[in-house]
Amino acid sequence: MTDLSSQIRYSADVMLGAALDMAAELMECGAEIQRTEDTVERICRAYGASRVDVYVTTSLIVATVGMPDGYHKTQTRRIYYSQSNLSRIEELNSLSREICENIPEPVEFEKMLRQSKKTENPRRKIIMRYVGSLLLAAGFTVFFEGSAMDALAAAVVGLCIPTLNLFKYKHTNAMAHTVMCSLVAGVLSVLAIAVGFGDHADKVMIGTIMLLIPGVDIGNSLRDLFFGDIVSGSMRLIKALLTATAIAVGYSIAILLGGLLNVI
Amino acid sequence: MSFDFVVVSELLKYCISGIVATLGFVLVCNINFKRMPTALIGTALTIAFWYFALGLTSNDFFSNLVAAMAATAYAEIMARVTKTPTTVYLVPEIISLVPGGKLYYTMASLMASDTEGFRKNGYDTLAIALGIAVGIVIISTLFSIITAQKKHFTAIK
């Protein structure tokens, strides 16, 4: 093997690796399957691949890229968790457009991806999550016919969800975490009503339930299913249904407690 | 249905509370601030469609179908205009249609062994969810057909 061709192969490896890192991050932020597959294919084609086979599911990405000189390379990425992050999807989308246009050196591409991740401010994200939870719980309480006092109670109780999410790590069991979140939120809602903070226990609980509802998963699963990504679509749908069941388990204990305290 | 004070004030209540809730949702989902006004206008549009369709037919399935169709069409168009992934707009608009209230009452009647309530609320939840699903699917497959045609013809050129 000549020096030149080994260098070409090395840059193809780096390029595929960076493209897959980008795809894995897209999936972690809650992008659709089609978009992720499309992104990998576009980037590889831009770098001169003659053949790209990429298969994305919600937990695994497999891609084989073939270069014109007959060199093939396969890489995989495992995805463990997902947390919707709409602005990151958008950022990665525009980064991939930029890369397809300018085609920087693969090492440079890798560096750009790493740098764009660094610009995220984790503290700002956490603050936004708190403010968002407050508004979401209050807004939906009024939307589902609750009183102003209910909205206030839901907003305060809802703050427990982002707090609990601070303790959610990569290998935390998502279902157990959801049960715990809904149990804590439900019990706190009932206790708030019991001490006279808020008027209707049901409205306060509905407001806090909306914080846990897997809205992004449901929306994406339908689009995936009907765009032909049956495996990922059904995986996402089942995940959403399991999450809904976990929510039901947590809140039903709170409802039992509410019955005992005579607030429901 | 007439356009009297009650209708307007009720619609305003739904719209404002829905927009506040969606604002909270997009903050939790870490949306790009530049996309926020467009997403929130879409929410108001979705809620208006839902409210009037519900007033005209008092049918949960139909009203959510219409609202989801309007939301998806708006999201797909805005995504193309601003060169953003559709999800960025679609998710905030659909969230206000999600039957959180009915879901809660289904569960509560299950706990209270209220068979009739369970049947009714469970049916409503399903009808709403199905309406949203069908609405999203109809419009987004329509847009994907158009996109595929466009891709095909630019490839021929």
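Mentor: Chain A is assigned domain 1 (3-118) and domain 2 (122-261), with bounds that come from an automatic or database domain assignment. This is a predicted model, in which local features need pLDDT of at least 70, side-chain atom pairs count only at pLDDT 80 or more, and totals for chains, interfaces and linings use all residues. Residues are numbered from 1 along each chain as its sequence is written, chains are lettered from A in the order in which they are written, and side-chain values use heavy atoms, without hydrogens and water.

The centres of domain 1 and domain 2 of chain A, taken over C-alpha atoms, are 34 Å apart. Their contact (heavy atoms within 4.5 Å) takes 18 residues from domain 1 of chain A and 15 residues from domain 2 of chain A. Between these domains of chain A about 1,300 Å² is buried, 48% of it from carbon and sulfur atoms; buried area is the accessible area (1.4 Å probe) that two parts lose on being put together, summed over both.

Now the helices. In chain A, the axes of α6 (residues 148-158) and α9 (residues 201-212) come within 9 Å and cross at roughly 40°. Helices here are DSSP runs (H or I, at least four residues), numbered from the N terminus; axes are lines fitted to C-alpha atoms over the stretch in contact, with angles from 0 to 180 degrees between N-to-C directions. A:D150, A:A153, A:A154, A:V157 and A:G158 of α6(A) meet A:K203, A:V204, A:T208 and A:L211 of α9(A).

Terms used:
Helices (H or I, at least four residues) and strands (E, at least two) are DSSP runs, numbered from the N terminus.
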